[in-house]
Number of protein chains: 2
Amino acid sequence: TRHGRRLSRTMAVRHYTLDFCLSAPGDCATIPEGLQSVFQEQEMTGTVHNTEGRGYLATFIGKNGRFAVLRVHPHGLVTVDLQSCEGEDQSQVNDLLNALEEKMKVLLHSNIKRTKRLPALLRGAGVDRYWPTADGRLVEYDIDQVVYERDSPYQNIKILHSEQFGNILILNGDVNLAESDLPYTRAIMGSGKEDYSGKEVLILGGGDGGILCEAVKLKPKMVTMVEIDQMVIDGCRQHLRGTCGDVLDRLKGDCYEVLVEDCVPVLKKFAEEGKMFDYVINDLTAVPISTAPEEDSMWEFLRLILDLSIKVLQPSGKYFTQGNCANLTEALSLYEEQLGRLCCPVEFSKEVVCVPSYMELWVFYTVWKKSQD
Amino acid sequence: TRHGRRLSRTMAVRHYTLDFCLSAPGDCATIPEGLQSVFQEQEMTGTVHNTEGRGYLATFIGKNGRFAVLRVHPHGLVTVDLQSCEGEDQSQVNDLLNALEEKMKVLLHSNIKRTKRLPALLRGAGVDRYWPTADGRLVEYDIDQVVYERDSPYQNIKILHSEQFGNILILNGDVNLAESDLPYTRAIMGSGKEDYSGKEVLILGGGDGGILCEAVKLKPKMVTMVEIDQMVIDGCRQHLRGTCGDVLDRLKGDCYEVLVEDCVPVLKKFAEEGKMFDYVINDLTAVPISTAPEEDSMWEFLRLILDLSIKVLQPSGKYFTQGNCANLTEALSLYEEQLGRLCCPVEFSKEVVCVPSYMELWVFYTVWKKSQD
């Protein structure tokens with residue numbers, strides 16, 4: 001499969017962008033003619049398109065699938081796109097971009113307010129490096145290998161290798177946890193301010209094994225983890241050992257048990273039996289980010305879990321969970337509203353934490369029962 | 001200027017990409033005809049280009065400067081580019097992309113191995129959101145405002161506002177420090193393991209005031225900071241107060257002094273006078289990332305600073321500095337080589353730290369004089 005990956009990598013296209021913001025749009029007229037010679041020197045054949053008066057647009061086709069677009073917008077923005085197959089000599093492409101940049105300087109002198117050349121987008125590569133943040137920003141990861149990929153009955157599971165973050169678990173396209181992300185696990189366990197010794201702990205989700213691994217080190221009485229997806233456990237046991245250690249090698253240990261089940265019936269059973277926990281750690285999913293109709297059931301699910309969790313929580317117990325990225329203030333407010341609508345009145349605090357592989361700050365909640373006195 | 005920013009923002013172009021990786025390239029033939037109707041429904045006029053047998057390439061021009069490129073690569077990659085001016089209705093663009101995605105599903109069924117639609121690139125915006133990492137990855141920041149921008153005699157200085165990181169200092173296009181980045185300051189001061197009380201401290205660079213601000217809290221005997229660029233100090237004093245507090249409001253305090261000077265002559269003077277420090281903190285610049293000829297002088301400069309710093313360091317003293325991002329292993333090795341070429345033999349340790357606004361892990365060094373016994 002390694003060879004297969006290599007082969008499919010050569011399919012990729014590198015997409016370069018080079019943009020110029022001009023301070024005097026009037027100069028735009030001189031640009032097309034000035035830049036044409038640069039493309040010609042690279043044996044690229046141009047076609048000028050009719051834009052019905054909205055600036056200048058030309059496309060250029062060169063050797064080996066090379067393709068360029070030159071646009072001069074009437075308001076003073078010049079954009080160049082250059083696509084080149086990954087197997088081709090990229091230094092020629094860089095030469096062309098350098099030549100275009102030089103030519104623009106000659107043509108427009110100090111009239112260029114800003115020149116921006118981004119790292120090339122790698123499109124269609126065998127190993128996908130782009131995993132947008134929860135707040136919708138484009139970020140490229142240093143991912144060089146697909147380590148594990150399965151479709152379970154519940155979700156698409158990927159484990160990808162990052163040079164700096166170690167292996168990263170990605171569920172349905174969302175970065176979940178990397179081997180570098182102990183700060184996530186610490187935060188969702190109360191940031192080191194709790195005493196777990198002799199305590200009853202319930203983990204909802206947490207299939208990567210990070211919380212379980214850290215919890216069992218703290219001499220708890222018993223940790224019960226309820227994870228629905230055996231394939232997540234299998235993938236992480238093999239490839240996320242920097243996070244889970246050997247704790248997932250067995251589903252039962254001296255002071256822990258992993259139930260591979262849907263947590264809702266399990267929580268209901270615990271509630272009926274009157275079983276109580278000192279800590280309930282909800283690692284199931286991030287807070288839904290919208291109130292669109294299709295999300296309604298998400299909020300209901302979230303409140304159901306919250307209500308059941310509070311039911312099985314000791315009066316002095318604590319419930320920990322992740323919220324969402326710090327920028328999604330609306331989603332976080334909606335979550336906090338839900339906390340005011342539980343069967344049992346609760347109070348909460350929150351903390352903003354930097355999780356290395358997330359490339360955005362993340363909010364964690366601590367929830368506890370309001371004292372009745 | 002706020003209004004000015006707004007105006008210039010409408011200049012921007014949103015560049016959408018939508019890519020399909022196919023498992024059976026043979027199906028490519030049916031795609032152009034299938035997708036053409038989708039563009040036509042959006043009143044986009046197409047031109048088919050001659051690619052000399054290297055797949056299919058068509059460009060489409062629509063209303064209000066809308067422009068699209070459809071490429072079908074013979075090896076089974078289909079790329080769609082769609083550019084739209086920022087002021088235009090983006091929901092129409094999303095409708096078009098959705099329609100293309102739907103149509104592809106109908107045409108190719110289960111033959112689509114992967115569909116990738118990235119967050120749109122914002123090109124030519126008044127506020128630039130793309131600041132690549134030291135290891136060359138494309139990352140988008142949640143930047144919404146230019147707070148400060150000057151060209152000093154030494155560098156281009158920008159302070160940009162990020163929703164989650166606070167204000168960010170950017171020097172010559174490199175993210176230097178954000179108000180969220182106390183972990184940087186902590187790391188370059190020895191990660192909380194040092195006792196600064198009663199100590200003589202020398203800071204080289206550090207114009208953002210972060211190290212100075214933290215150091216004066218620790219009751220040192222005296223902190224001397226040597227920063228060459230008054231404009232960095234001015235910008236940070238005004239706009240990076242989450243980092244520097246009020247420490248830059250005066251250049252001299254009870255236990256600190258800021259010298260706005262080139263550090264090399266200052267270090268030479270200290271060395272001649274026999275002045276010694278318990279801690280020397282070099283916050284000047286990251287390790288050069290190449291050994292290209294033009295970088296040679298960088299390495300020489302770096303070794304000069306190192307040699308002078310070690311000269312003014314107490315035998316029991318410590319020298320702290322940043323290295324570079326964890327992925328640039330070659331640059332880091334070159335730096336470590338330099339440490340073996342100093343006038344005085346030294347030992348070192350390093351630590352990898354997550355600095356929130358960097359979006360990459362960063363290496364910090366501690367260097368000390370080898371004991372002579």
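Predicted model: local features only at pLDDT ≥ 70, side-chain atom pairs only at ≥ 80, totals over all residues.
Display chain A and chain B together: a rotation of 180 degrees, with 0.0 Å of shift along its axis, superposes chain A on chain B with an RMSD of 0.0 Å. That is the relation of a two-fold axis. To find where the rotation axis passes, select A:Val139, whose C-alpha lies 2.2 Å from the axis and comes closest to it of the residues of chain A.

**The four-stranded sheet of chain A**

Next, select E8, E9, E10 and E11 of chain A, which form an open sheet in that order with antiparallel pairing. Strand E8 (143-151) and strand E11 (174-178) stand at the edges, each with a single partner strand, so one side of each is left without a neighbour in the sheet. Direction ignored, neighbouring strands here are turned by 25 degrees against each other on average.

Zoom in on strand E10 (residues 166-171) of chain A, which is joined to E11(A) by four bridges and runs antiparallel to it; within this pair, A:Leu171 stands opposite A:Asp174 in E11(A).

**The eight-stranded sheet of chain A**

Move on to the open sheet of eight strands in chain A, whose order is E14-E15-E13-E12-E16-E17-E19-E18 and whose pairing is mixed. At its edges are strand E14 (252-253) and strand E18 (346-354), each of which pairs on one side only. Within the sheet, select strand E12 (residues 200-205) and strand E13 (residues 222-227) of chain A, which run parallel and are joined by five bridges; the bridge partner of A:Leu204 in E13(A) is A:Val226. Helix H8 (residues 263-273) of chain A lies across E12, E13, E15 (256-260) and E16 (277-283), running at about 155 degrees to E12(A).

**Strand pairs in chain B**

Finally, turn to chain B, where strand E16 (residues 277-283) and strand E17 (residues 313-325) pair in the parallel sense over five bridges, with B:Leu313 in E17(B) as the bridge partner of B:Phe277. E17(B) also pairs with strand E19 (residues 361-369) of chain B, in the antiparallel sense and over five bridges, and here B:Cys325 has B:Trp362 in E19(B) as its bridge partner.

How values were computed. Residues numbered from 1 in each chain as written. Chains lettered and ligands numbered in written order. Heavy atoms only, no water. Least-squares fit on C-alpha atoms with pLDDT ≥ 70 in both. Pairing = 2+ DSSP bridges. Helix = DSSP H or I, 4+ residues; strand = E, 2+ residues; numbered from the N terminus. Axes fitted to C-alpha atoms, helices over the stretch in contact; angles between N-to-C directions. Contact = heavy atoms within 4.5 Å.
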